[in-house]
Amino acid sequence: MAQTENKKFFENLTGAGKAIAVLTSGGDAQGMNAAVRAVVRVGIYVGAKVYFIHEGYQGMVDGGDNIKEAKWESVSSMLQVGGTVIGSARCTEFRTHEGRLKAAHNLVQRGITNLCVIGGDGSLTGANLFREEWSGLLVELVEQGLIDEEAAQKYSVLHIVGMVGSIDNDFCGTDMTIGTDSALHRIIEVVDAIMTTAQSHQRTFVLEVMGRHCGYLALVSALACGADWVLIPEMPPADGWEEKMCQKLSATRSRGSRLNIIIVAEGAIDRHGKAITSSIVKDLVVRRLGFDTRVTILGHVQRGGTPSAFDRILASRMGVEAVLALLEATANTPACVVSLCGNQSVRLPLMECVQMTQEVQKAMDEKKFEEAVQLRGRSFENNLKTYKLLAHRKPETELPHSNFNVAVLNVGAPAAGMNAAVRSAVRVGISEGHKMFAVSDGFEGFYKGQIKEIKWADVGGWTGQGGSLLGTKRTLPAKNVAKIAEQIRKYNINALLVIGGFEAYLGIMELLAARGTYEELYVPMVMVPATVSNNVPGSDLSIGADTALNAITDTCDRIKQSASGTKRRVFIIETMGGYCGYLASVGGLASGADAAYIYEEPFDIRDLQSNVEHLREKMKTSIQRGLVLRNENSNENYTTDFIYQLYSEEGRGVFDCRKNVLGHMQQGGSPSPFDRNFGTKIAAKAMQWITKKLNESYKQGRVFANTEDSACLLGMRRRAMIFQPVVQLKDETDFIHRIPKEQWWLKLRPLMKILAKYKTSYDVSDSGQLEHVAHNRPKDSVAISTH
């Protein structure tokens, strides 16, 4: 981290005298409105004039009322709306020189020299061409007498920043594009609904999803629902695939499954470039197997609906980074695109990304499919490898025989996505030749001997199930270590995979401490974080936190909507999380909260008073609703009831109050696509680590793992998934409050305050470096868009 004197603060950057215009172009995507809202509010916050350009490039060419100045209130209640409120249109005129000349004239008339473009690669390429032609266009406008020489000098440079809004996630250089996660939500909602009817009638369903040139949605939804077969343009099936697919479908049925799911991307092709449509697949299954088969084409449903929590946060972060990039741009700064790498916003040269995206298509046209998959990036490659590993069971004769026994258990409170992680671990373990054992009810079940072998078919259909099917308890192992050691000896357990929250972390530490007394504990152990609270040290994210965030966001949307048309109202909402304020803070950012009270950021009566004053002022404008979140343990005296009563009293005459305690609904429900995927990929990686450690520590006929790195936590840190010895995480942990001492998301809190119109200090030292597109990232830094 930069030294204090070198730190860069947002409030020191000024937009005074600058005009920024924001437009959405090409196909719409959920989350575009969140990006527009962030650009408008942050632009106004730094003193710039901000304009909407309605109807994309068409509005820029037509001018007039299509280019309007935006006010703070213009973007209220926009966050939860799908699509794009400012409209988007395909524009052939902008592709002509005359069209771009008109657009330049319209911008110069309003003094706009900063453009924020939200769209796909076509829209961004158009913006870059416009920027390159800008000075020539101004010369023409002067010659035609439409602008004077002074204006041409004053507005001589056009700055452009792009954000990628596309549900296909087909843009190279970013792990996730705005709208992809929401589209996955729509697909998974449909798949979950179809599964119940398919099971009733023993049917096969062929689902066609969007993705003309990119199979991301098809691949990830197949991974998230455990589909039997997936067809994508980047990796066409080998010749003879029809026979293989039908064998796979019958094998699934013969193991007792009552349904089959096949997912087809709309651009799916075979090795010879011939289209594979959903109807071709259906006819094939009916002809060869005689199964009752139905086709569902999802179509534009995937573009619709409200944006997911992930997309709102991603778009808000990108919007802020885009304004920052425009404020810092000089005449020589190339047009850049704001993208997501791991858990960080980064800036990349726009044309590098566009060229790489075009390279993927070129590789596919030339039938270099392996190369196309690599060019899509590490995230796509990992998804494909993981899918192949989990969906296609090798015959017993082809499996390696390791003679190792691996136990899997869930510890702590249930979290959505735990079952996806267990399924993934079991299947990867079996593929690696291990015998897998399931332990029921955490460490309590372990010492009681509730251990049984778990087979490939036992975990079929687990990905979409909420809670913990193995059963989970908070019990720690210390008091019963002797009995646990006895069970390890009895079942000859050679390695442990613990999936859970803070109790799992403490549990592994206790087992590690007991190694000196019980030599049975000298086995590799790895922990995968799974808790809605997201309070495990060593990982930026935990399985289950995304599902809980979506539950909070959905509820906040409904609660806010309940007040529409009534008098002015403020809602006080209590979230879970123990002492960790992740859910309250990030949930606040995703639902457009005015304040979020958390333990990590102490507050007193003066803060409460200033928040009430702020809301009183806000309610005097056209804004009618306020939202305040409070983490359950943020302060023992300023309880939810206290805050509710204080706001009710102090807001009297201006607004009234309501309170809600969200409680255990945050832990329930089926897992979000993000959590299914994260659980699947992180558990697969953990199992591969276990195999490596078992082979390293197998000496003289037994496993003996006594090094520090034989008990690890696998976590996501910034841009990579890394294994960290739990011993080394001790110093990073506040054991009293069960939280990490440093938490990355605290940096997002000022962003929530700025978007709610508070003056605040915002450290942006991490921003500002223009990076280059990595063709292939280093082996261990797994691109984690957990998607």
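Trainee: Which residue in E9 does Glu208 stand opposite?
Mentor: In this predicted model, Glu208 has Ile297 of E9 opposite it.

Trainee: How many bridges join E6 to E9, and in which sense do the two run?
Mentor: There are five bridges between strand E6, residues 204-209, and E9, and the two run parallel.

Trainee: What is the strand order of the sheet they form part of?
Mentor: The sheet is open and has four strands, ordered E7-E8-E6-E9, with parallel pairing.

Trainee: Which strands stand at the edges there?
Mentor: Strand E7 (229-231) and strand E9 (293-297) do. Each has a single partner strand, so one side of each is left without a neighbour in the sheet. On average, neighbouring strands of this sheet are turned by 15° against each other, with direction ignored.

Trainee: Which helices lie across those strands?
Mentor: H6 lies across E6, strand E8 (260-265) and E9, and it runs at about 165° to E6. Helix H9, residues 278-289, lies across E6, E7, E8 and E9, running at about 170° to E9.

Trainee: Staying with H6, at what angle does it pack with H22?
Mentor: The angle is about 90°, and the axes of helix H6 (residues 180-201) and helix H22 (residues 673-697) are 9 Å apart. That makes H6 roughly perpendicular to H22.

Trainee: Which residues meet there?
Mentor: From H6, Asp181, Leu184, His185, Ile188 and Asp192 take part, and they meet Pro673, Phe674 and Arg676 of H22. By class, the residues of this contact of H6 with H22 are four nonpolar, one polar and three charged.

Trainee: Changing topic, what is the order of the open sheet that contains E19?
Mentor: That open sheet has four strands in the order E19-E20-E18-E21, and its pairing is parallel.

Trainee: And why is one side of E19 and of E21 left without a neighbour?
Mentor: Strand E19 (595-597) and strand E21 (656-661) stand at the edges with a single partner strand each, so one side of each has no neighbour in the sheet. Neighbouring strands of this sheet are turned by 20° against each other on average, direction ignored.

Trainee: How many bridges are there between E18 and E21?
Mentor: Strand E18, residues 569-575, pairs with E21 over six bridges in the parallel sense. In one of these strands, E21, Asp656 is the bridge partner of Arg569.

Trainee: Which strands does H20 touch?
Mentor: Helix H20, residues 605-619, packs on the sheet and touches E18, E19 and strand E20 (625-631). The direction of H20 makes about 160° with that of E20.

Trainee: Next topic: how far apart are the axes of H10 and H19?
Mentor: The axes of helix H10 (residues 309-328) and helix H19 (residues 582-591) are 8 Å apart, and the helices pack at an angle of about 80°. H10 and H19 are therefore roughly perpendicular to each other.

Trainee: What makes that contact?
Mentor: H10 contributes Ala309, Arg312 and Ile313, while H19 contributes Val586, Leu589, Ala590 and Ser591. The contact of H10 with H19 has five nonpolar residues, one polar and one charged.

Trainee: One more thing, how many cavities of 30 Å³ or more are there?
Mentor: The count comes to two cavities of 30 Å³ or more. The second largest cavity holds about 30 Å³ of space.

Trainee: Which residues line the second largest cavity?
Mentor: The lining consists of Ala222, Leu223, Gly226, Tyr387, Leu390, Ala391 and Arg423. Helix H7 (216-225) and helix H13 (378-391) are the elements that give two or more residues to this lining.

Trainee: Which of the elements gives the most to that lining?
Mentor: H13 gives the most to the lining of the second largest cavity, with three residues. Sorted by class, the lining has five nonpolar, one polar and one charged residues.

Note on methods. Residues are numbered from 1 along each chain as its sequence is written. This is a predicted model: local features need pLDDT of at least 70, side-chain atom pairs count only at pLDDT 80 or more; totals for chains, interfaces and linings use all residues. Side-chain values use heavy atoms; hydrogens and water are left out. Axes are lines fitted to C-alpha atoms, for helices over the stretch in contact, and angles run from 0 to 180 degrees between N-to-C directions. Angles under 35 degrees count as roughly parallel, over 145 as roughly antiparallel, 65 to 115 as roughly perpendicular and the rest as oblique. Contact means heavy atoms within 4.5 Å. Ala, Val, Leu, Ile, Met, Phe, Trp, Tyr, Cys and Pro count as nonpolar, Asp, Glu, Lys and Arg as charged, and the others, Gly among them, as polar. Two strands pair if DSSP finds at least two bridges between them. On a 1 Å grid over the protein atoms alone, a cavity is a set of points where a 1.4 Å probe fits but cannot get out, and a pocket is an open set with protein on both sides within 12 Å along at least five of seven lines; lining residues have an atom within 4 Å of a point. Grid points are joined across faces, edges and corners, and a volume is the space filled by probe spheres set on the points.
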